[in-house]
Every structure is written in structure tokens, then in C-alpha cells.
Amino acid sequence: MKETTKIKNSKELKEINWVENIIRPNIRELKPYSTARDESNLKCAVYLDANESPYNSGYNRYPDPHSIELKRVAAESICKQLSRFIDPEVIEEPFMPKPENIFAGNGSDEAIDLLIRIFCTPGRDNIISLSPTYGMYKVCASINDVAYRELSLNTDFSFDKERLLQMCDSYSKVIFLCSPNNPTGNLLKKDDLIWIIERFHGVVAVDEAYIDFACDAGFIPLIDNYPNLVVLRTMSKAKGMAAIRVGFAISSQKIIAYMERVKYPYNIGRVNQELAVKALRESDPTLVETVIGEREMLAESLRRSPGVETVYPSDSNFLLVKFADAKQVYKSLLSAGIVTRERGDVAGCSQTLRITVGKPLENRALLSVINGGSSNKIGDCIELSRVTKETRVQVRIYPQGGRDSDIRTGVGFFDHMLEQISVHSGISMDIDAVGDLNVDPHHTVEDVAIVLGEAFKRMISAKKGYNRYGFVLPMDESRAEVLLDLGGRYTFVWSVSFSGERVGEFPCEMFRHFFSTLSASGLFTLHISAQGENDHHKAEAIFKAFARALRIALSNDVNAYQTPSSKGVI
Ligand SMILES: *Cc1c(COP(=O)(O)O)cnc(C)c1O
């Protein structure tokens, strides 16, 4: 059955009607469903063609069936990523994808399924991959009644290219190679991949779900050289958009055109198309850099941790870690509220866990459990989130403290002030807010105050006793006085004036707004006054004094701090 000798080299493939020869005949002949909107290219029209509701609900019209805008922005974003990593010495004229080279799917899982359906005749053909690797190739093959052949990786997680090619016969249609590979984390060797692509007569799909973490251009620049190459990318990992289910296949126009014909007509909803476009335009490369930095820190620390046998090198956003007793580590992490993925039953990965790199705070919590230290249960935290048109705010507070805080609102000075609240109150805080800072910080500051206030309210009501407290805090020439009563009633008194409009970039009027919103949302009484020359000092003194007052008001040792009151302690 071995027909590797018949295989055309990919340069020859370019010359012949290669795709037509290997594609399933029914797909080659398929007359695709034509959507109503395909046939009219009027800009502005009365739409009586698709049996939609004529009444505007915001969503009454079908979405763009071809995701044109999304593909355009995806092409731009990919070109930007490629130009960052391409070495002009190695590739003189790298291929840059155009929208016609891109298929946009309901996750890259849709692209995996489509490739199998387009090229493999059920009950006859087969696909080939490595082991261990991403589970969806095998699942999609089974669903389509296509045989699945796998070659075990070597112990260093590389693969034997000659043996892989020997596994192919004339019924082998697609080879899936995941690079960086899941769950082993490593990039496959470029030369090995090219060797396979040049010799295999079918399609080679290189799944680059994790390529952003590898600091490598990947295989898209070679698409023009190899008509049988398909690259898969996703919005689900580095782009941070797993919830919207959008992924891409990038290849020759010919293969993409077949994928377009076979997909469901409106495979990506309008909201998801719009959110994907927005995320690609606004993607912040520093987040990926932070994850890469954390990955290296985590790998280094884990190598020194008890019970850890091997931390495999990773080009992705996770680490495959071999433990002396992985099950035990898995359980102790779980009982601390940290979920990891057991991979011990996967061939070649015995006693391993796959650990996704989290935020700094989360990674340190993980390390603290693995190192046998005490970790407050994540379950002991109060977690709240709020999504509006203007902002997305996620707040976790750990009333017992003992963790580093991780605060990210996009407003540097505000982060610094929130850190003061955390440090001086002893409450660890994980605040992750994304807002319309292109307008101004108003919504971001306000919505963080609303969510944080609500979290404080829950923390206060979970306490046995309330207290009231005041604190005076000097800061160089400035001083701030904060009186706080956690009695469940909202009153806000503010006697502070700032001499300038802004501290750095931060509008001074927002200080008052932050604290009034916080106390309204948290249902407590708050009096703040401050004097001084320097606005920055004054602001900082207010935040610190507030935090100190809060710390003491929340203290169980009421007598130590009690402010005399005719009503006593509430
Ligand atoms: C996570 C992942 C994907 C992403 O699939 P989507 O359907 O786009 O979410 C693809 N391939 C691999 C190897 C993955 O690990």
C-alpha cells in the first residue's frame, strides 16, 4: 500500500490541477447554497429577499456570509505579526495573506472538520497526525468515519519524518501537525515540517494556535511555495477571545474557495464578527509578552520545586510538567481552588499536568501550593464582574490578604492608587478592567468603583461585627483625614480641593467621583477631607488613609481601634 514513491513534489503540484485530483468528487462538483445577499451587491436596498423581520432589533438581518471585514482585518493583523518575525535572510519574498487566502470559521475546530470533509471520503480515506497532540483531529476523523493514524513523538517531542511519510498511502489525504504542539508545548522543527510538506501528496495542515507565544513567524510565509499547505490560527488563545469562537485557515485561494463552498452559509454571527474585528484591531501585544515572561518565571520556579521532575521547554502559553506524583499535586491544587489539566494518561506524558500560564497573581498562588506553603483558598475570594457598553470590569478581592495584588485598569495613576488601597488595607485585589479610555477614564474609574464597592459590601456583610473608624495620614506637606462607618448606610462628605485639573493624566474631579461611587455601591458612610500643596501627595494620602481606616474598621479586634461613639460598636 505504500505509495510514497508516486508522490509528486510540491513544486510539481503547482503545475497540475492538484487540488482537483485529491478533493472528494462530490465536493468538486458541489453547487453551494447561494445566500440571498450573495446575489445582490446593492449598497442600500429594500431587503425583501431573505424572509427576515423588517423591524430593527439590532439583529434582524443575516450577517455577512463571507465575513469580509473580518478577513480584511485578520489579513492585516497576520501581516503585522509576520513582519515582526520574518528573517529576510531566510525568506526573501515572504507570502503575505490577502482576504482571499483566509477562511474564517466557528473556531479553528470548524476548519479542522471542513478539511477532513472536503478531502476525505468516509469509510475509505485516512488522516495522519502525531501522538500526543490536540484531540480534535481524531474526534473529527471519527465523526466523519475517516481512519486516523498516529505516529508517537520521540522522547524529546520531535518526530521521525521518514516514519511519518511511510505511514501514508494513496488514501492519506491530510496530515495535521500542531506547532507549537499541544500538550507538549514545543515548536516542531521547521526543516522536518518542510520535508514532509515537500513530499506528501495531500494536504499538510499546520495548526498554529499557539504561534504568538513562540516568537516565530510560523508557516504562513511559505504558502505561496507550497500549494498543499494550510495554516490554522485562532482567536481563542493569544488573542483572548475564546468565547466568541472564531478561528482561521490560511492557504492558497483554491483551497480556501473550497472551504467557503462547504461551510454553513452564515457560519459566524454578526456579533462575533464584530467582536473579532475589534479584538484584532485593539490587540495588545504586551499581554502576550507578559505571559511569555511569566511562563519563563514559572518554569524556572517549578524546576526548583519539590516533587517536580521535569518542566518541558515551552513555546506556548502552558507548561507540561512531570511530577513524582501528579495525581497528588492535581488534588492539592484543586482543593486550593486551582484547576489544571491532567495529562498522565496520554502516551508519553505519564505523571504530567498541563498548566496554563495565568496572571502573575494566579501563578504565584499555584507555586505557593506546589511548594507546600499555605494558600488561601481561591474560593475564599469575592469575585464579581460587570460588562457594559463602555467597560468590562472583573474584580476579585481576598479579604484575608496574603497574596500579591494584580491591578490593571489601563490608567496608570489609578492602578497606583488602587494598589495603595490594597497594600494599606491588607486586602489582596485582582482587578482587571478594560474601558473606553479613548474617550476618557471616566467610565473605567466609575465602573471599577461600582464593582469594588459591591465587593466591599459583600465582604462587610460577611463579617460578624461592624466598626467605625477614622484615620489621619500625613504625607510630606499634605494630610488626609478619612472617617469610615461600615454600618450599612450610605453618606458621603467630601471636603477636598485640588489646585490643578489633573495629577499626571488623571482628572482630579475623578477622585471625588471614585470615592462617592465606591461608598454608594459599598453602602458605607465616608467622610474625607484633606489639605496640602501638592495634589499628588494629597491624593495618595487620601487613598492610604482610606485603606488604613478600612483595615481597622474590618478588624476583629474591635476594642483595639474603637472610635468612641454614643451608640457603641454597631
Ligand atoms: C486551543 C486550540 C485550538 C483552538 O481551537 P478553536 O476552535 O479556535 O477555539 C486549535 N488548535 C489547538 C492545538 C489548540 O490547542
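**Ligand shell, helix packing and backbone details**

Start with the ligand: 13 residues sit around it, and Ser108, Tyr210, Thr234, Ser236 and Lys237 come nearest (a residue is near a molecule if one of its heavy atoms lies within 4 Å of it). Everything here comes from a predicted model, where local features need pLDDT of at least 70, side-chain atom pairs count only at pLDDT 80 or more, and totals for chains, interfaces and linings use all residues. Residues are numbered from 1 along each chain as its sequence is written, and side-chain values use heavy atoms, with hydrogens and water left out.

Sorted by class, the shell holds 4 nonpolar, 5 polar and 4 charged residues; Ala, Val, Leu, Ile, Met, Phe, Trp, Tyr, Cys and Pro go down as nonpolar, Asp, Glu, Lys and Arg as charged, and the others, Gly among them, as polar. Some polar contacts (pairs of N or O atoms within 3.5 Å) can be spelled out. In Ser236, a side-chain N or O atom is 2.6 Å from an oxygen atom of the ligand. For Asp207, the distance from a polar side-chain atom to a ligand nitrogen atom is 2.7 Å, and for Lys237 a polar side-chain atom lies 3.2 Å from a ligand oxygen atom. On its own the ligand has 390 Å² of accessible area, and the protein covers 94% of that (Shrake-Rupley method, 1.4 Å probe).

On to the helices, which are DSSP runs of H or I with at least four residues, while strands are E runs of at least two, both numbered from the N terminus. Helix α5 (residues 68-85) packs with helix α11 (residues 270-282) at about 20°, the axes being 9 Å apart; axes are lines fitted to C-alpha atoms over the stretch in contact, with angles from 0 to 180 degrees between N-to-C directions. That angle makes α5 roughly parallel to α11 (under 35 degrees; over 145 is roughly antiparallel, 65 to 115 roughly perpendicular and the rest oblique). The axes of α13 (residues 326-335) and α14 (residues 360-370) come within 10 Å and cross at roughly 125°, so α13 is oblique to α14.

Ser131 and Pro132 are joined by a cis peptide bond with omega about 0°, and Pro132 falls in the loop between β2 (126-131) and α7 (136-143). Another cis bond runs from Ser179 to Pro180, with omega near -5°; Pro180 belongs to the loop between β4 (172-178) and α9 (190-199). Ser67, in the loop between α4 (36-39) and α5, is a non-glycine residue with a positive phi, near 45°.

Conventions: A polar contact is a pair of N or O atoms within 3.5 Å; within protein, one must be able to donate a hydrogen and the other to accept it, and residues adjacent in sequence count only if both atoms are side-chain atoms.
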